Amino acid sequence: MKLRSIRIRNYRKLARPTVISGLTDGVNVIAGCNEAGKSTVLSAMQAALFQRHNAPKRVVEAMQPFGSTVRPEIELVFEMEDGSYKLTKSFSAGGGRAELAMPGGRRFADHDADRKLEELFQFQMARNRESKLSELGYWPLFWVEQGTTFQGMNVNPDVRVSIQSALQKEVGDMLVGQGGTRLKQRVGEAYLELWTASTARPRGPHAEALKELARIEAAIAAKRVECTSYDVLVARYEAELNRLQRLRDPAAQQAVENEAAAAEAEYARVQTLEQRQAEASRELQLATAALRESSVALQLRTELVDDALRREHQLVEVRKKLMAAEEALASATAASNRRRLAEAEAALLAKDQAQRIAGSIRLSQADVDLLRQRQGAFATASARLDAASTHIRFELTDAAGVTLNGSELPVENPILIADEAVLYIPGRGSVRISPGGDSLTGRRKEFETAGRLLQQTMEALAVASIEEAEKQLRARLEASLHLTRHSEALLRVAPEGIEQLRALVVPGAVNEVAGDLEQARRVWVALESDLRNAQIEWQRAQEKLSAARAAVIDQDLQAARVTHQAAVDACARVFAEADAACRSANPAAARLRMTQAKAAAVTWRDQLQKAESGHAITLGELKQAGTAGLGEQLANLEADGNTAKEKRDRIAQEAGALRLLYQTILEAERDVNEKFLDPVVARVQPYLNQVLPDSRIHFNNGMVLAGLQRGAVMEPFESLSVGAREQLSVLTRIAFADLLAEQGITAPIILDDALVYSDQDRFKGAMRAIGEAGTRHQILILTCHEKRYQALGYQVVRLEG
Amino acid sequence: MPRLLHTADWQIGKQYKGLGGDPDCRSDLRNERLNAVRRLGELAVKHEADAVLVAGDVFDMNEVSDRLVRQTLNTLAEFRVPWVLLPGNHDAALAESVWTRIERLGCPANVRLAITREAILLAEDRLAVLPAPLLRRHESADPTEGFASTVTPPGVIRVGLAHGSVRNRLPVEAESHNLISDTAAATAQLDYLALGDWHGTFQVTPNTWYSGTPEPDGFQQQHSGQALLVEIDAAGSTPRIQKLQTGTYRWRRLKVDFRSVESELAAQGEPFGNLVIGMRVEGAISLRERAELDEVIHRWEARVKLLRANLAPLTSVPTDADFDELGRQGFVGNIVERLRAIQRDAQHPDHALAGAALQRLYAEHVLGR
């Protein structure tokens, strides 16, 4: 099919008549700026070819220009192998029209025209709605709408089927086909009976069989445990039974009882021996105690005697010491008296002498004081006279021959002159000196009176000077002091009076030892006290001894001890005999034998009783367990287990076979899909070499462009650049067109702004491929980039908006 | 003239656990063992036997249910004939056993438990039964050892009753327990020694016999399903032995080529309903043949009591005709090729499943078309 002209009127934005004519066999470029209506042209062609003439109102309204109810009209002229066709369609909500003029003058109108179109182009028009792409057979492969190329080539299932059938000849019965599809479906259904879809786990009867087997196996395990317990119970029962029979044996039981009795009798005999031995032991102890007592008494008596003797001896000793001390004291006292007497005599002498001195001096303190007063008055009068006298200082260079009052000049300088005086200087004469005033005379008299009084006093006191008076007074005081001191000394040394002392001292030399009288006295006092104590102690010891002897005399004590010793010896012999007898009877062994034999008898009876009751209990348990028939149950379960295992094996085998078969079917299907597209891949390769050299496209299941292989690297379609994606899309469509053309299916390839993302080189490459395809297919390119195509030398038809 | 019915190995309560298959079928086989006892009772009455001697393994195990024990005792009580029951290795007279339980449950008057070595006088004291009960499952000593020293009144017929394997009769002695001397009857001056343990009827000496089990219970049994009617004229005379049929089910072990499955089964003859078949099927089989074989087996499974077919030995060898049917080319051909490749590759994880998968493919694609 090749389009020759398109005439459109009242269709969407193409309200005015639009004509595209002169379309050639090869590449046709239809240019128009954006919004000029390129896509509308494509839409109008689709409406004419695929929409019923009496399309429903809703569909018609979508075709009408905005806000208008005019009839959209489309006229297509196209060529098929048998000649030229002209299709005219007008749509209206009230009923459209269709007319198809065919070669040879045949004409079809309305429904007939639509039916003829369906026949010609192998598709089905929708009845009461817009026809969908998916219903348009292979057409969508050829017509590419604006802005969809880079989305790849997602071929819908119906298109796939039409392509598959178109390719049937080339790939033969490789295809799944109807039989294959049915097989896959049947096996798939059977598979899903036994396996879950997504996780491939056992389900349905398969899972049931596994579960049932597991259930029975668990039951078997549990039952085996029960059976084992039962076996153990039976074994226990048997052991108990054997034991019971042994315990019930009367002879054995009697033997045990006999031994118990014999052991008891033997033990009684041994006990008697033990008692005897214990008695002898007690007697021996008593005798020993008595002996110990008499020994102690004797010992005590000896101690008392010894003590009395020791006390007596001590008393004698102290007495001796005291006599010595008395002698020493007497000697010391005599020596002391003699020394005291000497001291007393000396003191008496000194006292008398002092008394004499003190009696010879009359001068008293009052006398000396008066003398001092007179002396003072005289000195005062002398000073007052001096003060009134003339002072003459000689400062002569030569005093030779100079006299005063006729005498040589006194040594003192200056000289006081109190009376008329004549100074004579040889060769010069004399100087008369008259000391001044009346007071001089008075003072002189005073001075002379004082001198007289002093003199008279001294005479009265019979002293030459005041110093002498003072000296005499001092001597008198000193003698008084001595008197007092010696009187006291005398009293101290001879308090009893010197006469009495003199009487004590025996004249002549005596054997006296001068020593410490006090010390001698202290020793004597102490010894006297010791003597008193010693006497008391001695007396006490004597009393004790006497008292003891009054109770028991010494001889009796000694006799008792001898008697007790004899008793102890006798008891010891008796005990030794009893002890030997007891030992030889071995009481511990006899006791052990009796205890054990009695215990054995008790144990026997006890065990018999226990065994009887244990046996009864076990038998009860056995009865209960035995009723159920555990072995039978286990065997039955095991039989069921075998059946379940068989069933599991059978179903597992079937499930395995189904899984393998189903997998294989799916793999084969994948394989077929790949092989099926091999012709497409082969056909796209020359075009691909123009644009993306050394690369190869891959399809996945369902004819979806999967990716591009460059060298060893496989790039998924989604990760390719937008440009590469649209190029691949366009080239693949051309390949499909080639493939379909070989099967006699032709349709113009319409590309609506399909290569807008390609760079100049790629664009040129793609256009080379398109140009090459143009030698076999009619290609309509709708574009707004007319210059790109003009540059490549294509004739461009302009679509005016 | 004392007359005895000699039987053994009833193994009542046997569950046939190794048999597999349908539980209902196992239940029928199990019930039939008690039915066989009833048939024995009928035969004993019919032949006016003085007693029925059961030479051990009366029960399949000591741990059978009380219900089953009571059912058995009820059956025995129905017949006015003394039954002498001997413990065997399956039901050894342990301290606690099915026998002690019978004593507690109440033993019918006509049932004698031979659980001690004490001789049992029968037939108006003309005949003494010397029992050799197994007191444990496995005795290392000859159970019949005590017979020689068991004194019986002069002129009384001496019949031994024992359970175990007779020496010098099996190519290889399967077990070393409960072995019985093959001259035991002569040694103990027995007029007859009634043995149990072997499930097929077997004559050891003219007066030493295995009666076999009255109801066959295994594939490898010859001459089972019988009881022996023993007539002894007097002490010292040779007994007359008559075999009586008592079995219901016919157990058959077959080894057949898959092509002759049908004919071999048919050859077993009517009535098919009492057949218990263990069949090993061999041969290199095509897909179509296998599908047909499955059909034959399903048909016969419904016809016989039990058909246990072991098809594992079959080798699946798809033929050209199979492949022609499947289609050599195209989609299915591709699948077949893949499965065959797996079948050829012994290392492939799914190797063992490939044959079955192929068979299934055949079933779904060719037969299901």
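The side chains of B:R308 and A:E646 meet in a salt bridge, with N and O 2.1 Å apart; a salt bridge here is a side-chain nitrogen of Lys or Arg within 4 Å of a carboxyl oxygen of Asp or Glu. The model is predicted, so that local features need pLDDT of at least 70 and side-chain atom pairs count only at pLDDT 80 or more, while totals for chains, interfaces and linings use all residues. Residues are numbered from 1 along each chain as its sequence is written, chains are lettered from A in the order in which they are written, and side-chain values use heavy atoms, with hydrogens and water left out.

A:E646 lies in helix 16 of chain A and B:R308 in strand 18 (residues 306–310) of chain B, so the pair joins two chains. Helices (H or I, at least four residues) and strands (E, at least two) are DSSP runs, numbered from the N terminus. A:E646 is partly exposed, at a relative accessible area of 23%, and B:R308 is also partly exposed, at 25%. Buried means under 20% relative accessible area, exposed over 50%, and partly exposed in between (1.4 Å probe, protein chains only).

Between chain A and chain B the count is 7 salt bridges. The rule also finds 14 residue pairs in polar contact across this interface, both residues being at pLDDT 80 or more. A polar contact is a pair of N or O atoms within 3.5 Å; within protein, one must be able to donate a hydrogen and the other to accept it, and residues adjacent in sequence count only if both atoms are side-chain atoms. The elements giving two or more residues to the side of chain A that touches chain B are helix 6 (177–194), helix 7 (204–248), helix 15 (587–628) and helix 16 (630–676). Helix 16 gives the most to that side, with 27 residues.

In total, 51 residues of chain A are in contact with 44 residues of chain B, contact meaning heavy atoms within 4.5 Å. The two chains, A and B, bury about 3800 Å² between them, 59% of it on carbon and sulfur atoms. Buried area is the accessible area (1.4 Å probe) that two parts lose on being put together, summed over both. On the side of chain A, A:L183, A:E632 and A:L660 lose the most area to chain B, together 16% of what that side buries.

Chain A has 20 helices and 20 strands, and 39% of its 801 residues are buried. Of the contacts in chain A between residues at least 6 apart in sequence, 71% join residues at least 24 apart.

Helix 13 of chain A (residues 517–551) has 35 residues and should span 51 Å at 1.5 Å a residue, which agrees with the 51 Å between its end C-alpha atoms. The expected span is 1.5 Å times one less than the number of residues. Buried residues of helix 13 include A:L517, A:L527, A:L531 and A:L545, and the buried residues of this helix pack against helix 8 (250–360) of chain A.

Over all chains the structure holds 76 salt bridges. One of them joins A:R4 and A:E79 (3.3 Å, N to O). This pair links distant parts of the chain, with A:R4 in strand 1 (residues 2–9) and A:E79 in strand 4 (residues 73–80), 75 residues apart. A:R4 counts as buried at 18% relative accessibility, whereas A:E79 is partly exposed at 35%. A network of salt bridges links A:D307, A:R310, A:R311, A:E537 and A:R540.
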